[in-house]
Amino acid sequence: MHCAGNFASIEQHADGELQGVELETLRAHLAGCAECRAALDAHRGFARHMTSSLTYYPASDRLRARVRTAVRMTLPVAPDRFDVPAATPWVHRRWRTAAIAATLALSVLGTRDVIGVLRSSSASTSRNRELVANHVRSLMPGHLMDVESSDRHTVKPWFEGRIDISPPVFDFTSDSIPLLGGRLDVVGGHSAAALVYRRRSHIINLFVWAADSTDETIRDGQQAGHHVIMWRRGGMRFAAVSTLALSSLRQFAEMYVARDSAVSAAADR
Amino acid sequence: MDSAEPSSFEVVILPHLDAAFNLARHLTGNDVDAEDVVQSACLRALQYFVGFHGTEGRQWFLAITRNVAYDVMRRRRSALMISLDDAPKHAEQLTIADTDASLHETLAWEQLDSAVRVLSMEFREVMILREVEHMSYAEIAVVTGVPIGTVMSRLSRARRQLRVLLTAPVEAG
């Protein structure tokens with residue numbers, strides 16, 4: 001047989017992929033063909049050298065730590081899986097709902113404003129999860145800002161033509177919450193403006209996207225160690241996301257709403 | 001109860017961080033991009049983890065890593081990427097019969113990494129998954145999203161190209 005060492009399945013055999021009839025056929029052939037035996041050896045030698053000589057790049061400790069942190073921060077809430085009996089998640093979800101309701105009852109008593117009840121529907125949970133995921137992703141290198149400026153007169157016009165809303169942009173540098181810039185993001189399939197602020201070492205992402213015209217007061221939620229504060233105003237929905245303490249984030253939200261109301265009141269006059 | 005999620009994610013996915021980084025590093029050609037790729041892949045994996053019901057965490061995670069790497073490289077349009085057309089013309093015609101049976105002993109192994117870098121991404125990934133991760137054709141097919149037959153032919157062609165590149169080093173730029 002003049003195969004000249006090119007018996008078709010030699011390479012598959014060297015990769016350990018041959019079995020059954022094909023394997024038997026090749027073995028029978030190899031027994032009588034020195035060229036194919038040499039070719040098989042060559043394949044195996046080549047593979048061995050590839051394995052031993054190709055540089056292996058392990059993940060650095062820094063990357064490992066970054067990933068662990070990101071994973072902990074983005075902890076998804078529902079639905080529970082992996083060896084959890086089917087009945088348990090529901091029980092836990094009800095517990096969580098009860099806990100949230102209790103927390104809210106306390107916070108309603110404790111604040112001046114009327115606070116909307118946080119809906120514990122799966123829709124708002126997945127919305128919170130999405131917002132936090134957007135926030136975490138924005139913290140990765142090169143993802144935070146599309147337009148970098150502390151000047152609201154630069155940031156606001158930047159969104160024009162890029163998005164169908166014109167989000168109010170304020171700078172709170174005098175209150176130690178400087179505006180860093182903005183970027184385009186996506187929330188619930190809609191394009192959204194993300195305004196980036198910083199308070200001390202915490203980044204705040206304020207997502208703004210189009211909503212119907214009903215106004216809604218501030219309500220807050222928690223997701224994977226992040227706080228999410230949402231409100232609706234002037235046909236836009238706002239969500240502030242940060243690892244800041246809830247009280248500080250709420251302060252930011254209230255400042256923003258106050259400034260926004262002052263501006264629209266002035267415009268009406 | 002929420003803690004069940006990240007811990008199972010950590011158990012199923014994070015053990016494959018080295019494999020993911022190695023693949024990303026070979027595909028992107030540098031540490032910075034590779035780290036970004038792996039971190040993005042982790043977040044993407046985490047996002048879809050709820051929908052992952054398989055047991056093959058490594059394949060699943062490497063498939064995501066590979067897709068993110070392709071996204072990044074598509075954006076970069078890096079000069080490192082050399083299309084198949086630029087690869088040595090005679091590589092395709094070369095067969096084992098043309099080579100010396102003891103060829104591997106004379107190859108310039110120190111050039112292996114740079115030779116692999118010259119391969120197209122499609123060829124590079126099958127080489128890494130096969131020779132480093134020792135994945136079967138079927139597993140490689142899952143990770144790369146192509147049929148097993150394509151995996152076989154890519155592997156075969158990648159090896160032939162490598163043999164040519166290693167015996168007759170080209171100006172890799």
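Start by selecting chain B and colouring it by secondary structure: in this predicted model, chain B shows nine helices and zero strands.

Of the 173 residues in chain B, 57% count as buried. If you draw contacts between residues of chain B at least 6 apart in sequence, 75% of them join residues at least 24 apart.

Next, hide the surface and select residues 17-28 of chain B, which form helix H2, together with residues 31-48 of chain B, which form helix H3. How do these two helices cross? Their axes come within 8 Å, at an angle of roughly 135°. Because angles over 145 degrees are needed for roughly antiparallel and those from 65 to 115 count as roughly perpendicular, H2(B) is oblique to H3(B). The crossing of H2(B) past H3(B) is right-handed.

Now show side chains where the two helices touch. On the H2(B) side, pick B:Leu17, B:Ala20, B:Phe21, B:Ala24, B:Arg25 and B:Thr28. Facing them from H3(B), pick B:Asp31, B:Asp33, B:Ala34, B:Glu35, B:Val37, B:Val38 and B:Cys42.

Finally, colour this selection by residue class.

Technical notes
Residues are numbered from 1 along each chain as its sequence is written. Chains are lettered from A and ligands numbered from 1 in the order in which they are written. This is a predicted model: local features need pLDDT of at least 70, side-chain atom pairs count only at pLDDT 80 or more; totals for chains, interfaces and linings use all residues. Side-chain values use heavy atoms; hydrogens and water are left out. Axes are lines fitted to C-alpha atoms, for helices over the stretch in contact, and angles run from 0 to 180 degrees between N-to-C directions. Helices (H or I, at least four residues) and strands (E, at least two) are DSSP runs, numbered from the N terminus. Angles under 35 degrees count as roughly parallel, over 145 as roughly antiparallel, 65 to 115 as roughly perpendicular and the rest as oblique. A crossing is left-handed if the near helix is turned anticlockwise from the far one by less than a right angle, and right-handed if clockwise. Contact means heavy atoms within 4.5 Å. Buried means under 20% relative accessible area, exposed over 50%, partly exposed in between (1.4 Å probe, protein chains only).
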